[in-house]
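Hi everyone, thanks for coming.

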Amino acid sequence: MSKEPEVGDVYWSNEWSMSVIITFSKYGLYWGLWSSGQSITAWKKDDFKDLLYLGKSKASIDDLFKTENEE
């Protein structure tokens, strides 16, 4: 993997047959969510080496927490 993981990046895991999105990064570690809803915590850059980079998410992480009553 040549690209540095960033918030909003989506990867595919053949091992788990699901995608993961990075939601937060700090101190060179990454947190995120699997498409199943389970969280990932404190992954290192090397943890992404066997994952396929799919691209940036179309949705903003901030938009995930907006409700019907907000614009």
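How many salt bridges does the structure hold? There are 6, where a salt bridge is a side-chain nitrogen of Lys or Arg within 4 Å of a carboxyl oxygen of Asp or Glu.

A word on the background: this is a predicted model, where local features need pLDDT of at least 70 and side-chain atom pairs count only at pLDDT 80 or more, while totals for chains, interfaces and linings use all residues. Residues are numbered from 1 along each chain as its sequence is written, and side-chain values use heavy atoms, leaving out hydrogens and water.

Let's begin with Glu6 and Lys56, whose side chains form a salt bridge at 3.1 Å, N to O. Glu6 sits in the segment before strand E1 (9-13) and Lys56 in strand E5 (residues 52-56), so this pair ties together parts 50 residues apart in sequence. Strands here are DSSP runs (E, at least two residues), numbered from the N terminus.

Lys56 also pairs with Asp9, again with the closest N and O atoms 3.1 Å apart. Asp9 belongs to strand E1, so that link ties together parts 47 residues apart in sequence.

Is Asp9 buried or exposed? Asp9 is buried, at 0% relative accessibility, whereas Lys56 is partly exposed at 45%. Buried means under 20% relative accessible area, exposed over 50%, and partly exposed in between (1.4 Å probe, protein chains only).

Elsewhere, Asp63 and Lys66 meet in a salt bridge at 3.3 Å, N to O. Through shared partners, salt bridges join Lys3, Glu6, Asp9 and Lys56 into one network.

Definitions and conventions: Helices (H or I, at least four residues) and strands (E, at least two) are DSSP runs, numbered from the N terminus.
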